[in-house]
Amino acid sequence: MRVALVTESFLPQINGVTHSMMRVLEHLQRAGHTALVVTPGTAGQTPPTYAGAEVVTLPSFALPGYAEVRVATSGQLRLEKILRDFAPDVLHLAAPFALGHTAALVGERMGLPMVSIYQTEVPTYASRYGAPQLEPLLWRRVRTVHNLTSMTLAPSTFAADQLADHGVERVRLWGRGVDSTRFHPDKASQPWRAEVARNGEKIMLYVGRLAAEKQVDDLAVLADLPGTKLVIIGDGPRRAELEAILPGAVFLGQQTGEAVPRAMASADLFVHTGVMETFCQSIQEALASGTPVVAPARGGPLDLVQPSHTGWLYPPGDLEALRSHAQDLLGDDFKRAAFGEKGRAAVEHRTWPYMCELLLTHYAEAINDATAPRPAAWPWSLLA
């Protein structure tokens with residue numbers, strides 16, 4: 001199979017879209033398929049290949065106020081030449097919106113089977129960034145792009161229902177895998193705990209981007225819990241502001257390699273605050289690490305967290321509930337350990353190879369649908 005993957009985001013950016021792309025490309029290579037990646041370039045920092053796939057970068061500019069987001073400037077003709085030269089069997093559109101819209105138009109003109117991956121709740125971001133009037137227009141773009149494709153794969157039941165409510169057709173569920181070997185309770189480290197919590201405090205961990213849509217400032221409601229230490233892993237445009245809001249927190253910045261699995265397994269509690277998560281991979285990684293979770297009852301966490309079993313969900317915006325749930329788990333070692341064990345058991349089977357094999361069946365379905373003979377048109381002229 002020849003798979004062309006067009007993505008709005010790729011290395012060196014580290015986010016959910018990039019993470020999923022990397023795992024898919026690695027699986028395609030292992031399975032003997034040929035892949036091509038097309039993405040906005042980042043000033044020579046994007047690698048020319050990944051997992052055996054050529055990476056074609058397009059000229060781009062940084063989104064004002066959000067430098068990590070790149071917008072490609074190439075038009076349809078350039079993209080069509082790239083795709084025609086590669087001759088894909090299927091076109092994979094990762095979080096399509098800007099470049100993805102161009103690719104969907106080109107794919108439709110070329111008659112390519114297309115599978116789109118819904119991953120980012122872009123329209124709702126408009127409200128977070130002070131432009132709520134744009135939200136209806138952005139949902140129209142989402143509907144237009146995804147309805148051009150053979151099928152849309154949503155990462156959670158909330159996201160699937162949301163897309164259907166906004167008129168997106170042919171929506172299927174496709175979650176995300178987790179490396180349950182890399183993220184494992186055995187990665188817990190007492191030296192790491194001693195380094196970030198020098199007085200033996202219970203550790204509350206947040207891992208994610210430090211951007212407005214993540215609502216990390218909500219963690220301020222936990223800052224004065226006695227005997228606790230808030231640890232934050234990640235970077236983004238709000239880091240300096242959040243360091244001022246949370247002066248007692250330990251900010252570790254962007255972490256790579258084994259640093260994140262070690263932190264996940266070593267923490268006493270994982271806390272997530274963003275309400276616009278279509279999936280939330282960091283929650284799944286925390287559960288695989290045996291760490292219970294507190295998160296908002298919206299989006300992907302609804303599928304991932306089982307209240308009273310693997311963690312707690314709080315009503316979005318109810319920060320007192322967030323604080324109460326954190327206190328509940330931090331104050332009960334037995335309950336916290338039981339939740340951690342159940343969390344690990346709930347996700348350890350969701351491996352990336354398993355999820356990627358499901359993705360390949362969606363590719364095959366899209367290809368079969370595109371090549372299946374269409375029923376002949378009814379000869380209405382005979383009824384005249």
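**First stop: the largest cavity**

Select Val 17, Ser 20, Met 21, Val 24, His 92, Ala 94, Ile 117, Gln 119 and Trp 174, which line the largest cavity. Please bear in mind throughout that this is a predicted model. Rolling a probe the size of a water molecule over the atoms shows where empty space is left. How much space lies in the largest cavity? The volume is about 50 Å³, and the structure holds one cavity of 30 Å³ or more.

Now colour helix H1 (16-30) and strand E7 (90-94), each of which supplies at least two residues of the lining. H1 gives the largest share, with four residues. Colouring the lining by class shows six nonpolar residues, three polar ones and no charged ones.

Most residues other than glycine have a negative phi, and most peptide bonds are trans.

Begin with Leu 11 and Pro 12: the peptide bond from Leu 11 to Pro 12 is cis, with omega near 15°. Pro 12 belongs to the loop between strand E1 (2-7) and H1.

Move on to Ala 51, in the loop that joins strand E3 (49-50) and strand E4 (53-58). Although Ala 51 is not a glycine, its phi is positive, at about 50°.

Then select Arg 170, in the loop between helix H6 (157-165) and strand E10 (171-173). Arg 170 is likewise not a glycine, and its phi is positive, at about 55°. Is Arg 170 buried, partly exposed or exposed? Its relative accessible area is 36%, so Arg 170 counts as partly exposed.

Two packed helices are described by the angle between their axes and the distance between the axes. Select helix H3 (residues 99-110) together with helix H5 (residues 135-147): they pack at an angle of about 35°, and their axes are 9 Å apart. The crossing of H3 and H5 is left-handed.

Which residues meet where H3 and H5 pack? From H3 come Gly 100, His 101 and Ala 104, and from H5 come Arg 141, Thr 144 and Val 145. The residues of this contact divide into two nonpolar, three polar and one charged.

Centre the view on His 101, which is in helix H3. Leaving aside residues up to four places away in sequence, His 101 touches Arg 141, Thr 144 and Val 145. His 101 has a relative accessible area of 16%, which is under 20%, and therefore it counts as buried.

Select Arg 128, which lies in helix H4 (residues 122-128). With a relative accessible area of 38%, Arg 128 is partly exposed. Not counting residues up to four places away in sequence, its contacts are Ala 212, Glu 213, Gln 215, Val 275 and Met 276.

Next, display helix H10 (residues 281-288) and helix H13 (residues 333-347), which pack at an angle of about 115° with their axes 7 Å apart. Gln 284, Leu 287 and Ala 288 in H10 meet Gly 340, Gly 343, Arg 344 and Val 347 in H13. By class, this contact has three nonpolar, three polar and one charged residues.

While H10 is on display, select Glu 285, which is also in helix H10. At 9% relative accessibility, Glu 285 counts as buried. Apart from residues up to four places away in sequence, Glu 285 touches His 19, Val 178, Phe 183 and Met 264. The C-alpha atoms of Glu 285 and Trp 139 are separated by 30 Å.

**Last stop: Ala 326**

Finish at Ala 326 in helix H12 (residues 319-330). Is Ala 326 buried or exposed? Its relative accessible area is 0%, so Ala 326 is buried. Leu 222, Leu 225, Leu 269 and Val 294 touch Ala 326, not counting residues up to four places away in sequence.

Methods. Residues numbered from 1 in each chain as written. Predicted model: local features only at pLDDT ≥ 70, side-chain atom pairs only at ≥ 80, totals over all residues. Heavy atoms only, no water. Axes fitted to C-alpha atoms, helices over the stretch in contact; angles between N-to-C directions. Left-handed = near helix turned anticlockwise from the far one by under 90°. Contact = heavy atoms within 4.5 Å. Nonpolar A, V, L, I, M, F, W, Y, C, P; charged D, E, K, R; others polar. 1 Å grid on protein atoms, 1.4 Å probe; cavity = no way out; pocket = protein on both sides within 12 Å on 5 of 7 lines; lining within 4 Å. Points joined across faces, edges and corners; volume = space filled by probe spheres on them. Buried < 20%, exposed > 50% of the residue type's maximum accessible area, 1.4 Å probe, protein only.
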